[in-house]
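Here is a short briefing on one structure.

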Amino acid sequence: MLIKIPKGWEIPERLVTPEHIYLSRRKFLSAASAAALGGLGSIFPPSAAGRNKAPNAEQGSSAPQPLSAVRNTRYTVDYPITSERVATGFNNYYEFTEIKNQVWRLAEKFESRPWEIQIKGHVATPRKIDVDDLIRQMPLEERVYHHRCVEAWAVFVPWIGFPMKTFIDWCQPTSQARFVRMASFLRPSQAEGQSNTPSYPWPYGEGLTMAEATNELALLVVGMYGKTSPNQSGAPLRLHVPWKYGYKSIKAITRFEFLEKQPPTFWNMVVPNEYDFWANVNPHKPHPRWSQATERLAETGERIPTLMYNGYEKYVANLYA
Ligand SMILES: Nc1nc2c(c(=O)[nH]1)N[C@H]1C(S)=C(S)[C@@H](COP(=O)(O)O)O[C@H]1N2
Ligand SMILES: [Mo]
């Protein structure tokens, strides 16, 4: 496949226009469809089809199922847990759309099960496993984490998942492995953002050093709010690394590859000066488009100060000493 990486002058409008201006333009352009959804008064979707539920009720065989896990109280947050309706109604997921309050709707028909995970590269035995077979072998727990997007908005979510370290031990990487690369899916027929932006280097890919991937905070997420994840939140399996900007926390992972060299990553390929490989939350390091000194709670709009490593300094500062 020929991958076309946009040059500086070809960068799409949404990447060079401040988010609020771009979004208000889009809102204007899509006012008719937003009105049809009854969503003009709020950036969040109304309850799905008029029911007072989180916007995830229509996903057929991929619909969220009850899932419970004991909360790990070692990890606490300083703000209230974001409502399920906001955390599953305001999303970044470019495979579907760049319009955050429409992702849930465009992801409804995505088939996130059955789902195969591939493990390859420097491992004792490369293998493939069905995601539910994997989940049955992993110790599930609930962790409330602070999610911080580089666009300077934040949510606090009760994720359900298993430590990435447990999964990596299970993969049996060899001593040659220095990085783990994760890739998402390539399915433009079910993901209109992918078919509308063919010049992007799909599938979405991200990477971590082995030390980062085996840090106690790195969580592979399979559920939230007492259910399996809805499609818009990265079903059936996504990463959450809370000390890094959200773009590192790749959704809908299909592949883990253990490598000697640092892998290329999606947003870094598209706009290298805005999205570095490390992406550690840092209020003192300015970004070309968004000041990182403060962030906005997605639920209330309240502005709060941004903390070094998103408040997780004691767990991760040693990684970068
Ligand atoms: N596959 C994939 N994963 C992705 C993204 C994406 O567009 N595609 N967006 C990232 C960004 S920028 C953020 S902020 C988070 C958003 O996660 P949330 O929608 O659950 O809040 O997902 C990350 N993971
Ligand atoms: Mo993000």
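A polar contact here is a pair of N or O atoms within 3.5 Å. On that basis, a nitrogen atom of ligand 1 is 2.9 Å from a polar backbone atom of Ser-249. The model is predicted.

**Ligand 1**
- Around ligand 1 there are 16 residues. Those that come nearest are Asn-91, Tyr-94, Glu-95, Ser-249 and Lys-251.
- The side chain of Glu-95 places an N or O atom 2.8 Å from a nitrogen atom of ligand 1.
- For the side chain of Ser-184, the corresponding distance from an N or O atom to a ligand 1 nitrogen atom is 3.5 Å.
- On its own, ligand 1 has 530 Å² of accessible area, and the protein covers 97% of that.

**Nonpolar core**
- The largest nonpolar core has 77 residues. Met-164, Phe-167, Val-180, Phe-256 and Phe-258 have the most contacts inside it.
- Strand S4 (residues 153–163) gives this core its largest share, 6 residues.
- In soluble globular proteins, nonpolar side chains tend to be buried together.
- Leaving out residues up to four places away in sequence, Phe-258 touches a set that includes Ile-119, Val-123, Ile-168, Cys-171, Phe-179, Val-180 and Met-210. Lys-120 and His-122 are also among the residues that Phe-258 touches.

**Cysteines**
- How many disulfides does the structure hold? The count is 0.
- Cys-149 has a relative accessible area of 6%, so it is buried.
- Cys-171 counts as buried because its relative accessibility is 1%. The cut-off for buried is under 20%.
- Cys-171 is also one of the residues touched by Phe-258.

Notes:
Residues are numbered from 1 along each chain as its sequence is written. Chains are lettered from A and ligands numbered from 1 in the order in which they are written. This is a predicted model: local features need pLDDT of at least 70, side-chain atom pairs count only at pLDDT 80 or more; totals for chains, interfaces and linings use all residues. Side-chain values use heavy atoms; hydrogens and water are left out. A disulfide is a pair of cysteine sulfur atoms within 2.5 Å. Buried means under 20% relative accessible area, exposed over 50%, partly exposed in between (1.4 Å probe, protein chains only). A nonpolar core is a set of buried Ala, Val, Leu, Ile, Met, Phe, Trp, Tyr and Cys residues joined through side-chain atoms within 4.5 Å. Helices (H or I, at least four residues) and strands (E, at least two) are DSSP runs, numbered from the N terminus. Contact means heavy atoms within 4.5 Å. A residue is near a molecule or strand if one of its heavy atoms lies within 4 Å of it. A polar contact is a pair of N or O atoms within 3.5 Å; within protein, one must be able to donate a hydrogen and the other to accept it, and residues adjacent in sequence count only if both atoms are side-chain atoms. Accessible areas come from the Shrake-Rupley method with a 1.4 Å probe; for residues, only the protein chains shown count as cover.
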